[in-house]
Each structure stands twice: as C-alpha cells, then as structure tokens.
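The sequence and structure are shown first for reference.

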Amino acid sequence: MHQQSIIDALTGIPNRRHFIDRLLAEYRRASRNSTALTLMICDIDYFKLYNDSLGHLEGDECLVKVAKTIHSSLQRGGDLCARYGGEEFIIILPNTDLNGGEKVARRIKQDIAALAIPHPNSPVGEHLTLSIGVATEAHDYPSQYKLIKRADDALYRSKQLGRNRIEIDAHDHSVSASSEIVVLQDKINQPG
C-alpha cells in the first residue's frame, strides 16, 4: 500500500507526494551540511498538441517513455525524478551545484532527442522536445518552496523564450550579479 501511495500509476516513477517528502528531507540535509541542492523541472513542449494529433493512448505511452528516459539519465542513487503534473517532471539533485545541474539537464535533453519521438504538430520541431528550468540553492536555504518557485520561474522563461531549451536560475551569491541568469540554448532538434 505504501509503495502505491508514492508511485505514479501511469509512469512508474515517484509521484508528487513522494517528491515533496524527499525534497523536504534533502533541503534540511543541504541546509545542515551547507551543500548545494539543485532542482529541475522538465515540461514536454506542446504536449496538448501531441495528444490532440495522436490521441491520449499515444500521449500516455509518450509520458511513460519520457519518464523512463529522464529516470535513466540520472546517474546517482540519491537523485530523484518524479511526475510533478500532467506532462511535467521534477528532479532533485542532492549535493549538486549549478554546473552539475546544467550537465544533467543537457544529458536529459540529449537522451530525449535520441528517442526521436515524432511530434507532428509541434511548432518547435518534428520530434518531441523538453523545456527545462533549473535552480540551485547553496547558501541561504530560505525554504524548499522558494527553490521550487525559482525552478518553475526558470521553466517559464524557457517557454517564453521559444521552448526546447534550458534556463538556469543562478540565484547563488558566488555568481556575480551580471551573470545572475545564465541562458543556455540547446541546439538539439532546432531547425536550421
């Protein structure tokens, strides 16, 4: 029963409830040990158009493939990928700084691109793509919910700036104010 309560029935990865419990524990650990904690939110680009063109059964299969691919892209036992909402996935990377988070985000985008899942109505490209927002906390630890908001804000910027990209919120006091927000455009599956 406990396993069923923490696993998303469709994708087989942890659900939002389990994510919140783990984030609280990891956030407390990072704060106590003064270690970096990175959070990443991934959203399938134009997933509604995918469902509208191919149907909800194909949409469900797509969600399962994406969930498994993101999960297999994580290389450490303490990392966690969970289904956050409809087509959103959230990742906790304990003891991971901004550069480490960027590397994981790039690996996830490459692994998703390698699936070459056709997305016939996507304005971004012919294959399924992800937008990713990344945030790292390494100094202040005001609250785990502020870290979620910062990752979500970075995801929002990723969508606003064209999707199929990684946006990083570098709200880290070791980063200069002029480079507070680092924009990373990933060229995978970009036309031209």
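**Note on the model**

1. Arginine 150 counts as buried, since its relative accessibility is 11% (buried means under 20% relative accessible area, exposed over 50% and partly exposed in between, with a 1.4 Å probe and protein chains only). This residue belongs to helix 6 (helices, H or I, of at least four residues and strands, E, of at least two are DSSP runs numbered from the N terminus).

2. On the basis of the note: this is a predicted model, in which local features need pLDDT of at least 70 and side-chain atom pairs count only at pLDDT 80 or more, while totals for chains, interfaces and linings use all residues. Residues are numbered from 1 along each chain as its sequence is written, and side-chain values use heavy atoms, with hydrogens and water left out.

3. What does the side chain of arginine 150 contact? A polar atom of that side chain lies 2.7 Å from the backbone oxygen of threonine 136 (a polar contact is a pair of N or O atoms within 3.5 Å; within protein, one must be able to donate a hydrogen and the other to accept it, and residues adjacent in sequence count only if both atoms are side-chain atoms). Arginine 150 and alanine 135 are 15 residues apart in sequence, and their C-alpha atoms are 5.9 Å apart.

4. Strand 4 (residues 130-137) is largely enclosed by the rest of the structure, because eight of its eight residues are buried. Both faces are covered: Leu130, Ile132, Val134 and Thr136 are buried on one side, and Ser131, Gly133, Ala135 and Glu137 on the other.

5. Strand 4 pairs with strand 1 (residues 37-44) in the antiparallel sense over eight bridges (two strands pair if DSSP finds at least two bridges between them). Within this pairing, methionine 40 has valine 134 as its bridge partner in strand 4.

6. With strand 5 (residues 166-169), strand 4 pairs in the parallel sense over four bridges; glycine 133 has glutamate 167 as its bridge partner in strand 5. The chain runs from strand 4 through helix 6 (residues 144-160) to strand 5, and this β-α-β crossover is left-handed (a crossover is right-handed if, with the strands pointing away from the viewer, the path from the first strand over the helix to the second runs clockwise).

7. Lysine 109, in helix 5 (residues 98-115), is buried, with a relative accessible area of 4%. Its side chain reaches the backbone oxygen of leucine 130 at 3.2 Å.
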